[in-house]
Amino acid sequence: MDNNDLNLKLKDFEGPLDLLDTLIREKKMDILNLDIATLASQFLDYIKSQINTINIELASEYLEMSAYLISLKSKKLIPSENGIIDDSSFEYERDKFIQRIIQYRKYKEVVSHLQTKHELRKQMLVKQTNDAKAYEPNDLIKEVLPNKIELDKISKALIDAIGKYKMSALVQRKILVQELSIQDIEEELWEFLKKYKSKTISFSEYLSQIDPIKITQQFIVTTFLAILDLVRYGKITISQNQGNNEICISIIKE
């Protein structure tokens, strides 16, 4: 192969498929009607010219592809024992080979797109999170959480509940638009607790009693706020399982 015809360096390629794809593009070959014999010859010529400049581990990948191309080429050029070329076998193998290159191109385009996004993201400046305490009014009344309840853990319990919702298969099957108010959810929760057979129920167990079609991320957050409201009113108390941070709701005043 004339070095001026296709000036390539093996170190620029990420593997034999990358080299093959470049050869096809540079020679403007029709990939759907690929001339395997021509491509194999060009690939082998290039490998021969570079074989002494690459390490053995890298060379093995290209030599393996070379052996495959020779085998594929022979199926088209060498007659079988009965004198008939097995076109069906060749066509099948060639189609599989073409599909590999097409698939490689798709992956390469995705990687290129992600690299571009990555470079753009590196140029972005991220605003530091503001300290919410700096914006608290001086006359803010802070509610005291029940004993054995830690703010970080109760926050994690809410995040875990939302995470379970997102993992649900129902998320993929429904589109629900609904308006929710804390007051409505409070009333619904309070009526449920008064009729529940036990005076204590976990947050996740309560959600399991709700019609699945109603369960959304908005519903979970609103229910969580309703629970805190009922605690403030002294109607219920909450505790937390130290093992899994599960919130347990107990009715204390009917």
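Here is a short walk through the structure, one selection at a time.

**Before you click.** This is a predicted model, so to speak of local features a pLDDT of at least 70 is needed, side-chain atom pairs count only at pLDDT 80 or more, and totals for chains, interfaces and linings use all residues. Residues are numbered from 1 along each chain as its sequence is written, and side-chain values use heavy atoms, with hydrogens and water left out.

**Stop 1: the whole chain.** Show the protein chain as a cartoon and you'll find 8 helices and 3 strands. These are DSSP runs numbered from the N terminus: helices are H or I with at least four residues, strands are E with at least two. In sequence order the pattern reads α-α-α-α-α-α-β-α-α-β-β. Of the 254 residues, 33% are buried; that means under 20% relative accessible area, with exposed over 50% and partly exposed in between (1.4 Å probe, protein chains only).

Stop 2: Select β1 (200-202), β2 (residues 236-240) and β3 (residues 247-251). The 3 strands make an open, antiparallel sheet in the order β1-β3-β2. The edge strands, β1 and β2, each pair on one side only. From one strand to the next, the twist averages 25°. Strands count as paired if DSSP finds at least two bridges between them: β2 and β3 have 5 bridges, while 3 bridges join β1 to β3. For landmarks, look for Ile 236 opposite Ile 251 in β3 and Ile 201 opposite Ile 249 in β3.

**Stop 3: helix α8.** Now select residues 217-232: helix α8 lies across β2 and β3, running at about 120° to β2. Angles run from 0 to 180 degrees between N-to-C directions, with axes fitted to C-alpha atoms, for helices over the stretch in contact; contact means heavy atoms within 4.5 Å. At 1.5 Å a residue, the 16 residues of α8 should span 22 Å, and the end C-alpha atoms are 23 Å apart, which agrees. The expected span is 1.5 Å times one less than the number of residues. Buried residues of α8 include Phe 219, Phe 224, Asp 229 and Leu 230.

**Last stop.** Just after α8, click Gly 234, which takes a positive phi of about 80°.
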